[in-house]
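Please look at the sequence and the model before reading on.

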Amino acid sequence: MNRLIMLFICMNLISLSEYSQSLFTLTGKISDEHKQALSGASISVTPSEKGTITNSEGYYTIDGIQKGKYILEISFIGYLPVIDTIEISKNTVYDIQMTASALVLQEIIVADNYADQKKKAESLNIEIVNDDYLKQNIGGSLMESLERLPGVTTIDIGSGQSKPVIRGLGFNRVVVVENGIKHEGQQWGADHGLEIDQYAVEKIEIIKGPASIMYGSDAIGGVIDIQQNEIPPDNSVSGAVDLVGKSNNNLAGTSISLSGRKNRIFMNLRATLLDYGDYKVSADSVDIYSYRVALYKNQLRNTAGKEHDIHFTFGFVQKQFNSKFYISNITSKSGFFANAHGLEPRNVDYELYDKSNRDILYPYQQVNHLKVINKSQWTGNKLKIETGFGFQRNFRQEWSQYVSHGYMPAVIPEDLAFPADLERQFDKYIYTSNIKSTFFINDKTTFVTGINVDYQDNRTDGRGFIIPAFTQTEIGGFAFAKHHFSEESILQFGVRYDYGYLHTEDYYDWFQSPGETNTTWSYLQRATELKKHFSNNSWSIGYNYNPENLSLKINAGKSFRMPTAKELAANGVNYHHFSYETGNPDLSPEISYQLDAGLEFNRKKTALGITPFINYFANYIYLNPTSEHDRLYGNGNQVYYYTQCKVLRYGGEIHAHYQIIKPLQLGIIAEYVYSQQMSGAKRGYTLPFSPPTTALINIKYTRLKLKFVENAYFSSDYQLAATQTRIVPPEEITKGYQVVNLALGGDVKIKNQSVSFSLQVKNLFNNKYFNHTSYYRLINVPEAGRNFIINISIPLSVKLK
């Protein structure tokens with residue numbers, strides 16, 4: 001640790017020497033092949049970390065550049081990127097005319113030319129979106145906003161809680177990274193969403209397939225890499241006011257940001273407030289197993305909620321060194337559907353719950369997630385060093401009125417350490433350190449090494465038990481090499497070794513229960529102390545070939561995932577599933593082998609992409625239902641045991657676009673995943689929550705200017721899902737569905753103020769349908785009904801002298 005501190009100090013001393021050098025200005029104009037100004041083109045100068053965008057007349061200015069050689073990158077949506085080497089020794093003017101590019105697969109994946117270059121350089125299949133995409137497709141949560149992307153679905157519970165699923169794999173098989181640090185909450189729970197503010201996101205990269213080499217054990221299914229707060233242009237102050245409203249659950253929200261930079265120092269501040277009521281479905285009743293629940297005004301009672309988020313980012317940037325600090329605090333309170341939580345769904349006071357659709361009554365959850373991150377980078381001629389240090393605290397409480405279950409006392413004792421109505425509490429502390437070194441061997445070869453260390457301490461409390469308290473340590477090291485045989489031909493190879501240690505604590509009930517003979521009463525032990533060590537290696541090899549208008553890639557690899565505390569030591573009632581879940585301390589780590597391929601073809605008016613995969617698990621971990629029923633803690637809930645089996649999976653995505661006429665584009669996306677258990681008690685069955693075959697047909701009309709609206713667009717989605725007949729009991733067959741969604745938007749100027757707006761209509765015809773990957777599907781709750789969503793963004797900017 002002392003060496004790391006000395007390295008950090010040395011980096012700062014090196015960077016301070018740059019202050020004494022002269023500073024120059026780079027200016028110019030960006031236009032198209034017809035010499036028409038391109039407003040909003042992006043210009044960046046590397047390695048200075050300086051950048052800006054062109055104004056309405058196509059002009060740009062970058063101040064404070066030191067003498068030296070730089071790489072200038074200019075990008076604009078729909079045009080070929082410009083990359084040039086320039087030498088700065090005085091004030092310099094650089095003008096350029098950009099050339100329109102071939103059609104790329106960007107109708108669904110709204111991104112800039114960075115996305116196209118990144119996808120050609122990586123052997124795994126990736127998708128990249130920016131904040132414009134998120135605002136045009138905003139959903140109830142960040143993950144729901146990404147559902148239009150090929151291969152990405154969610155497991156939902158309610159209107160604001162969802163978890164990412166990539167090609168049918170979710171929970172602890174998908175890593176979510178925010179600003180270089182792995183996001184850690186209570187992701188083992190299906191009802192636990194991600195504590196991330198989607199308004200604070202600037203770019204997301206989604207890796208489909210095993211990415212364990214760089215990201216560690218849990219990335220066996222893929223990665224959601226969230227990036228925030230790019231460094232603002234020099235000597236500027238900017239901000240934005242975002243307003244959002246939704247008709248289905250009467251959501252009203254705002255997010256306000258302010259950022260600025262003066263020479264080498266920059267900062268960003270953002271606050272987000274959301275408040276919403278019970279959401280509506282296209283039904284007046286739902287069948288929860290054998291009990292029919294009437295719905296008042298089609299509302300799922302007690303699904304209202306609110307969210308308060310605050311973010312503060314600051315740092316400094318110099319020619320060779322920059323350091324950023326991210327501080328965020330996410331706080332939310334949301335209700336659980338009153339008829340689908342606990343063991344008495346019939347005993348709900350309808351008059352109380354239907355009095356207001358904005359009350360948050362029992363049962364509900366409160367979540368607070370604090371995150372502090374430092375991310376630094378030093379760049380030399382042949383070496384780049386990146387460090388990331390993170391601290392997180394995830395504090396979750398679930399509240400419900402105390403009711404005696406099983407052998408619990410009718411009245412809870414007053415001398416217990418927790419309140420009677422505190423159902424469950426989880427308090428998790430996470431400490432993370434990442435160090436990565438990139439060696440630029442020559443113009444063709446890059447070598448990367450890194451170390452990741454993660455420590456977690458999770459405390460539990462409350463009257464209900466599901467998992468014990470635990471501590472967990474993970475240490476991993478990797479090496480990765482990339483070699484360019486030519487500009488079109490790239491080979492990459494990586495290896496990694498991981499070690500993990502998990503310590504779970506023992507747990508005894510706070511009340512007495514009878515033994516097997518019903519004569520001896522005692523405090524039953526629900527969890528024994530476990531000390532488990534896990535280790536394994538991973539590897540990956542990939543090849544890219546990118547001739548003109550064509551991109552080919554293939555990647556093979558082995559991945560590893562250590563079991564979670566829940567999989568090893570769970571022993572309690574899942575109140576959302578009406579089940580009793582039991583862990584297995586003898587589980588071994590998951591081992592996965594996967595082969596990925598990708599083909600993408602682009603022409604002036606046509607684009608086509610195909611991304612198949614095949615995946616084999618030697619010992620997949622899953623929750624297996626049995627014929628047993630619990631006798632101690634409720635009304636005879638079905639017992640589930642964690643077990644392992646061999647699993648074969650394959651599938652892929654296809655997406656194609658055709659430009660009918662210049663402003664009108666037709667697109668189609670289809671995805672398919674097949675899973676089969678090859679051994680064990682459910683041999684021949686698929687896996688739980690397997691997504692059905694789906695397709696999305698989109699037609700989009702865009703104009704740079706349509707009367708008083710700039711960057712205008714109108715889009716229509718026709719979504720189709722096939723009937724999902726491959727199920728695992730107690731899942732039921734889910735019928736196919738068809739849904740139509742509309743979207744339109746653009747930029748308008750009110751006097752001299754630019755205002756961006758987007759309007760969506762989700763489920764235009766208010767169809768009643770079920771989503772097979774929704775957690776509420778198990779209790780026959782349909783998806784949300786028709787929803788009008790309006791988002792207004794007002795950008796503000798000032799250039800400082």
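The text below covers salt bridges, then aromatic pairs, then charges over rings.

This is a predicted model, in which local features need pLDDT of at least 70 and side-chain atom pairs count only at pLDDT 80 or more, while totals for chains, interfaces and linings use all residues. Residues are numbered from 1 along each chain as its sequence is written, and side-chain values use heavy atoms, with hydrogens and water left out.

**Salt bridges**

Side chains of opposite charge can pair when their charged atoms come close. A salt bridge here is a side-chain nitrogen of Lys or Arg within 4 Å of a carboxyl oxygen of Asp or Glu. The count by this rule is 24.

Helices (H or I, at least four residues) and strands (E, at least two) are DSSP runs, numbered from the N terminus. Asp596 is in strand S37 (residues 590-602), and Arg167 is in the loop between strand S11 (162-166) and strand S12 (174-178); the two are 429 residues apart. For accessibility, buried means under 20% relative accessible area, exposed over 50% and partly exposed in between (1.4 Å probe, protein chains only). Asp596 is buried at 1% relative accessibility, and Arg167 is buried at 4%. Both residues also belong to a network of salt bridges that links Glu127, Arg167, Lys208, Asp596 and Glu653.

Glu184 and Lys182 are both buried. Lys436, by contrast, is partly exposed at 27%. The bridge between Glu386 and Lys436 joins strand S24 (residues 383-399) to strand S25 (residues 422-440), so it ties together parts that are 50 residues apart in sequence.

**Aromatic pairs**

Rings of Phe, Tyr and Trp (its six-membered ring) pair if their centres lie within 6.5 Å; planes under 30 degrees apart count as stacked, over 60 as edge-to-face and the rest as tilted. There are 17 such pairs. One of them, Trp510 with Phe511, is edge-to-face, at 5.0 Å centre to centre and 75 degrees between the planes. Trp510 is buried at 13%, as is Phe511 at 5%. Phe617 and Tyr620 also pair edge-to-face, at 5.0 Å and 85 degrees. Phe617 is buried at 0% and Tyr620 at 6%. Phe391, Tyr429, Tyr431 and Tyr455 make up one aromatic cluster.

**Charges over rings**

A charge sits over a ring if NZ of Lys or CZ of Arg is within 6 Å of the ring centre and within 35 degrees of the ring normal. Lys700 has its charged end over the ring of Tyr713, 5.1 Å from the centre. Arg777 lies over the face of Phe770, 4.8 Å from the ring centre.
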